[in-house]
Amino acid sequence: MFKNKTARQNAITYGIILAAMAVMLPMQMGGHLSSSLSGLLVPFCYYAILAVSLNLTVGILGELSLGHAGFMCVGAFTSAFFTKFTADIIANSYVRFFLGLLIGIAFSALIGFLIGIPVLRLKGDYLAIVTLAFGEIIKNLVNVLYIGKDSRGVHFSMKDSISLHLEPEGTVIVAGPQGITGIDRTSSFLIGGILLLAAVFIVLRLIQSRDGRAIMSIRDNRIAAESIGINVTKYKLLAFTVSAALAGMGGVLYAHNLATLTATSKNFGFNMSVMILVYVVLGGIGNIRGSVIAPVVLNLLLDYVLRKLQMLGSNPVLQFMSDNRMLIYAIVLIVIMIMTWSPKMIARREALFNRGRKEE
Amino acid sequence: MPMLEVKNLGISFGGLRAVNEFNLSVEKGQLYGLIGPNGAGKTTVFNLLTGVYQPDSGVIRLDGEDITGRKTIDISKAGIARTFQNIRLFGKLSVLDNVKAGMHNKHPYPPLAGIFHTPAWKRTEDEMTEKALKLLEVFDLKDDHEYLASNLPYGKQRKLEIARALATDPKLLLLDEPAAGMNPQETKSLMDMIRFVRDEFGMTILLIEHDMKLVSGICEGLTVLNFGEVLAQGETGSVLANPAVITAYLGE
């Protein structure tokens, strides 16, 4: 049915997402889902989008980025700012969301591009450390940002909302650490699913294009890539920018799933960046389908199933697990790394695999 | 006009004069060898020719065009392709994609064409695949085109590197120790292949090699480097008979 192996593999990936949507959407609309599970559907989508976008940097470009939540933050705040700002100008909330989506993606792409210029000169650990720093900078900048509007126009301050000198009927849109309140909760599982499909589509198509080949050739051997005339800087920036843009898309979905958007270290800080990285590693570095599945599985296990089990009876182990999710993630990360990359495990796996083959 | 003309090329690393007053002239379609003891500066010459290092002095002309001081990617676009002493393939790409990556600059399509799969994308990609498979057939790699490059055996990896270099459609091919690590039989078939590439593609080839059998077997001209300086230069037979060359290789 399909021309080659990759086409078939991609069709499976799209199929998984579409099947999940086909099953969950009618159930959600018919009210057959518990509210706790229903509330997890949109997070599944944005976590998967973020994992897919980070996989483009980590798995395809081959550079470790620890500031991915920063780009998500840019997308979330620029789009939420736009949808709130235009609330009384554009009546239809879906039109507003769509325009906000485009703006969120454009801004995070721009920030990704600008940060990429200095960051991509570095390699390996150094690059990771600097992306981490930029991620934190974005989060902290947003926390001191105050923007308000009144009849005289838009006011801007980095101090507090009083320094905006708004007229009495003016409104504060971004209030520093209090963030943006009263966002329309436009995000739905349908929109999330469509955006996830779009993200997967863009990344998979990019990988199989001439540009993707160039990006992966840089990952595999930079010197050889240069020797055959591939512009290393250009393609590194391209991959980094697309990755940031898609993270911004995840941020837009995230922002419009909440009534109040604030930038804390929990949602846009280092923890979030590492969590996305855990999804990528768990799903397989360079494996896009894995990045779609891993966040769903992890969240389902550590959020939904854990909560259900706790309802059955209080248990100190379960309590500990739900209180220390980051610790669980860290342990999962360590186990996965040892299982997949330690030489002894590789040897053991190969021995097992070969024995299975002989029996056939 | 020679295909490659190098005049008074030189570079220093700190206090060390790695290459000094290097002159070379390779005619179009010639198979030319660059030999010398370990550390003589052969690979440094390759790195100077391909823009990995910038020379302190001298001029490099490719087909009459001055390419001195250009960046690696511009030199690739100008028409020099190379292989590496320690193989540098794109290990996690398929054999076919390694060759297609080599065609990157010669077969462009608009940036979004690959996302939306426009007719231009389809036409270009099909064209590249067809060309790449033809090239792989020459190197006896067609049956392996779906494998990852890192899974190929050593000898085939060497061949694939040459195929990838040829995919850039170069005027001049630089081979850095193509026979390194090969047994006599493999070396023999490599010699036939290099000769075939020259005849089939009308390629000008400059190669670095330690294997004297290979050098005396296929090279029409030779330059011997020793301590960064040209020791002898000319037609292969006479250079190899030169007492200074024998001394440099075998000692007093």
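**Spaces and contacts**

Author: By class, the largest cavity has a lining of 3 nonpolar, 4 polar and 1 charged residues. Keep in mind that this is a predicted model.

Reader: How many cavities of 30 Å³ or more does a search of the whole structure find?

Author: Start with the general idea. Rolling a probe the size of a water molecule over the atoms shows where empty space is left. Here the search of the whole structure gives 2 cavities of 30 Å³ or more. The largest cavity has a volume of about 40 Å³.

Reader: Which residues line the largest cavity?

Author: Both chains take part. Chain A gives Ser227(A). Chain B gives Thr50(B), Thr72(B), Ile75(B), Ser76(B), Ile80(B), Ala81(B) and Arg82(B). In chain B, α2 (72–78) and β6 (80–82) each supply at least two residues of that lining.

Reader: What is the volume of the second largest cavity, and which residues line it?

Author: Its volume is about 30 Å³. The lining consists of Ser65(A), Gly67(A), Phe71(A), Ile115(A), Thr131(A), Phe134(A), Gly135(A) and Phe240(A). Helix α5 (residues 124–143) of chain A gives the most, with 3 residues. By class, the lining has 4 nonpolar, 4 polar and no charged residues.

Reader: Now the open spaces. How many residues line the largest pocket, and which lie nearest its centre?

Author: The lining of the largest pocket has 49 residues. Nearest its centre are Lys5(A), Thr6(A), Ile207(A), Gln208(A) and Asp97(B). Elements of both chains give two or more residues to this lining, including α1 (5–29) and α6 (189–207) of chain A and α3 (95–102) of chain B. The largest share, 7 residues, comes from α1(A). The volume of the largest pocket is about 2,200 Å³. Its lining divides into 18 nonpolar, 18 polar and 13 charged residues.

Reader: On to chain B. Which domains does the domain assignment give?

Author: Domain 1 covers 4–79 + 170–250, and domain 2 covers 91–157. Their C-alpha centres lie 28 Å apart. The contact takes 9 residues from domain 1 of chain B and 6 residues from domain 2 of chain B.

Reader: How much area do domain 1 and domain 2 of chain B bury between them?

Author: The general idea comes before the number. The size of an interface is often given as the accessible area lost when the parts come together. For these two domains of chain B that is about 610 Å², 72% of it on carbon and sulfur atoms. On the domain 1 side, Lys77(B), Met193(B) and Phe201(B) lose the most area, together 46% of what that side buries.

Reader: What is the count of salt bridges between domain 1 and domain 2 of chain B?

Author: The count is 0.

How values were computed
Residues numbered from 1 in each chain as written. Chains lettered and ligands numbered in written order. Predicted model: local features only at pLDDT ≥ 70, side-chain atom pairs only at ≥ 80, totals over all residues. Heavy atoms only, no water. 1 Å grid on protein atoms, 1.4 Å probe; cavity = no way out; pocket = protein on both sides within 12 Å on 5 of 7 lines; lining within 4 Å. Points joined across faces, edges and corners; volume = space filled by probe spheres on them. Helix = DSSP H or I, 4+ residues; strand = E, 2+ residues; numbered from the N terminus. Nonpolar A, V, L, I, M, F, W, Y, C, P; charged D, E, K, R; others polar. Domains from an automatic or database assignment. Contact = heavy atoms within 4.5 Å. Buried area = accessible area lost by both parts, 1.4 Å probe. Salt bridge = Lys/Arg side-chain N within 4 Å of Asp/Glu carboxyl O.
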